[in-house]
Amino acid sequence: MTRTVRRAAVLAACAALFTGASVTASASTAPARAGLQAALDAAVVAGSPGAYAGVVDERGSWYGRSGVGDLGDGRAPRPRGQIRVGSITKTVVAAAVLQLVGEGAVGLEDHVQDRLPGLLPYTEPITVRQLLRHTSGIPSTERWGTPAEIDTSRWQHQTPDETIRRGTAGKPLSFPPGLGVEYSNTNYAVLGKLVERLTGRPLHSELRRRVLDRAGMHDSHLPYRYPYVDRPAARGYERLHGSDAAPTDVTDYEMSRFWGSGNLVSTADDLNRFFRALLVGDLVPVSQRTEMRETVPSGIAGLEFGLGLMRIPLPAGCAAPEIWGFNGSVPGYHTWTMHSPDARRQITVGVNTNLTSPAAQDAALLVVFAEFCGTAAARPAGAGATTGADLDPRPVGRRSEVVPVSRTP
């Protein structure tokens, strides 16, 4: 789940495509939530086998689906089923870290080298805050050399220590800690090790105890080595062997390499519960929740990074001035979960293809904007090239962009 500026990413411009009232009219005038359904249908037209969403607002819950969830039997997606949520794992890990900060077990300005001596090869002091916000300078790493490698390497196990070693050995920092932004999965592998060191328990059990159970996420887990999605909302597909070859089913995948950064299996309902508990509940102490929302520019126009959070400002006329959440990508699954600041309006949306379909990624993000800002009558030419929805998966063989910042606490 490392990320690049794949194209000229302008999220704010994408949001501006949608003006006027929100799509969520009263239940009596829009019982089928037609605008949001149309956006899901458009994701299928864009190239995903299927699309699915779970929405919560003041009227209750709404679920939408389009296309095919299983190419083997032709069944439709099940919006309440399980999905691999990729880097949304980072927000769950961040919640656990911030709980430990609130308990006084660690400080945001503590140096990681003092807490985990010998884990990193760098002498420059890196703080917990910098890991959480991707301002540590630890470089992003390549995940696969070719699309076919996504298929051939998916049963290979990788320990957290090996993940960190591969991400840092022989690789200098991209910038002095605190003086830039570069999205790196290694940051959250280190944070996972920190949680284990501070609690004396495995990360998966500590996330269950501290976050998943407290937030009511009973259909979610961090599997580490378990390769299956037991009740999939949809099976995940990628075109790994050329455009003329049949899509490869990549639902079954040993995701240990993304242990602390992208290994969570969850559901739309659970993610909406989690972000409600995080943004307005007592999952994280108020002081740490405030720290979590302090953002820096990400290098993608219209997107900012907080501590395990993403913020997207919205234009006038939308249902909220801004939305908070995260984006997740692993083979076969591209997910957005975004929420108003008061969590009164929430959406989790996914498509069941990802790395080999940038157009489907863009379309998934457009579903989010359709929910908060209404639907456009037509999509302007080139809009797909400026949405920047490829926030999580870096294209094969590409380096990510380092974004300088004047000052990062």
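# Helices and strands in a predicted model

Me: This is a predicted model, and helix α2 (residues 34–46) lies across some strands. Which ones, and at what angle does α2 run to β2?
Reply: Helix α2 lies across β1 (50–57), β2 and β13 (346–351). As for its direction against β2, the angle is about 30°.

Me: How many bridges join β1 to β2, and how do the two strands run?
Reply: A hairpin takes the chain from β1 to β2 through 2 residues. One of the pairings is Gly50 with its bridge partner Gly67 in β2. The two strands run antiparallel, and the number of bridges joining them is 8.

Me: Zooming out, what are the edge strands of the open sheet?
Reply: The open sheet has 8 strands, in the order β2-β1-β13-β12-β11-β10-β9-β8, with antiparallel pairing. An edge strand here pairs on one side only. That picks out β2 (60–67) and β8 (296–297).

Me: Staying in that sheet, what is the bridge partner of Met310 in β11?
Reply: Strand β10 (residues 310–313) and strand β11 (residues 322–330) run antiparallel and are joined by 4 bridges. For Met310, the partner in β11 is Gly325.

Me: On to the helices: are α3 and α8 parallel, perpendicular or oblique?
Reply: The axes of α3 (residues 89–102) and α8 (residues 185–199) come within 10 Å and cross at roughly 40°. Angles under 35 degrees would count as roughly parallel, and roughly perpendicular takes 65 to 115. So α3 is, relative to α8, oblique.

Me: Is that crossing left-handed or right-handed, and which residues of α3 make the contact?
Reply: α3 passes α8 in a left-handed crossing. On the α8 side, the contact is made by Asn185, Tyr188, Leu191, Gly192, Val195, Leu198 and Thr199. The α3 side brings Lys90, Val93, Ala94, Val97 and Leu100.

Me: How many residues of the contact of α3 with α8 are nonpolar?
Reply: The contact of α3 with α8 has 3 polar residues and 1 charged one. The nonpolar residues there number 8.

Me: And how are α8 and α9 placed relative to each other?
Reply: Their axes come within 9 Å and cross at roughly 80°. The range for roughly perpendicular is 65 to 115 degrees. α8 and α9 are therefore roughly perpendicular.

Me: How many charged residues are in the contact of α8 with α9?
Reply: From α8 the contact takes Gly192, Val195, Glu196 and Thr199, and from α9 it takes Leu203, Glu206 and Arg210. These divide into 2 nonpolar and 2 polar residues, with the charged ones numbering 3.

Me: Now a loop residue: is Pro227 buried or exposed?
Reply: Pro227 lies in the loop between α9 (203–212) and β5 (237–238). Its relative accessibility is 12%, and the cut-off for burial is under 20%. So Pro227 counts as buried.

Me: Which residues does Pro227 touch, leaving out those up to four places away in sequence?
Reply: Pro227 and Met255 are 28 residues apart in sequence, yet 7.0 Å apart in space, C-alpha to C-alpha. As for what Pro227 touches, the list is Arg84, Trp155, Thr251, Asp252, Tyr253 and Glu254.

Me: Last one, for the whole protein: what share of the contacts with a separation of 6 or more comes from residues 24 or more positions apart?
Reply: The protein has 13 helices and 14 strands. Of its 409 residues, 60% are buried. Among contacts with a separation of 6 or more, the share from residues 24 or more positions apart is 74%.

Key:
Residues are numbered from 1 along each chain as its sequence is written. This is a predicted model: local features need pLDDT of at least 70, side-chain atom pairs count only at pLDDT 80 or more; totals for chains, interfaces and linings use all residues. Side-chain values use heavy atoms; hydrogens and water are left out. Axes are lines fitted to C-alpha atoms, for helices over the stretch in contact, and angles run from 0 to 180 degrees between N-to-C directions. Angles under 35 degrees count as roughly parallel, over 145 as roughly antiparallel, 65 to 115 as roughly perpendicular and the rest as oblique. A crossing is left-handed if the near helix is turned anticlockwise from the far one by less than a right angle, and right-handed if clockwise. Contact means heavy atoms within 4.5 Å. Ala, Val, Leu, Ile, Met, Phe, Trp, Tyr, Cys and Pro count as nonpolar, Asp, Glu, Lys and Arg as charged, and the others, Gly among them, as polar. Two strands pair if DSSP finds at least two bridges between them. Buried means under 20% relative accessible area, exposed over 50%, partly exposed in between (1.4 Å probe, protein chains only).
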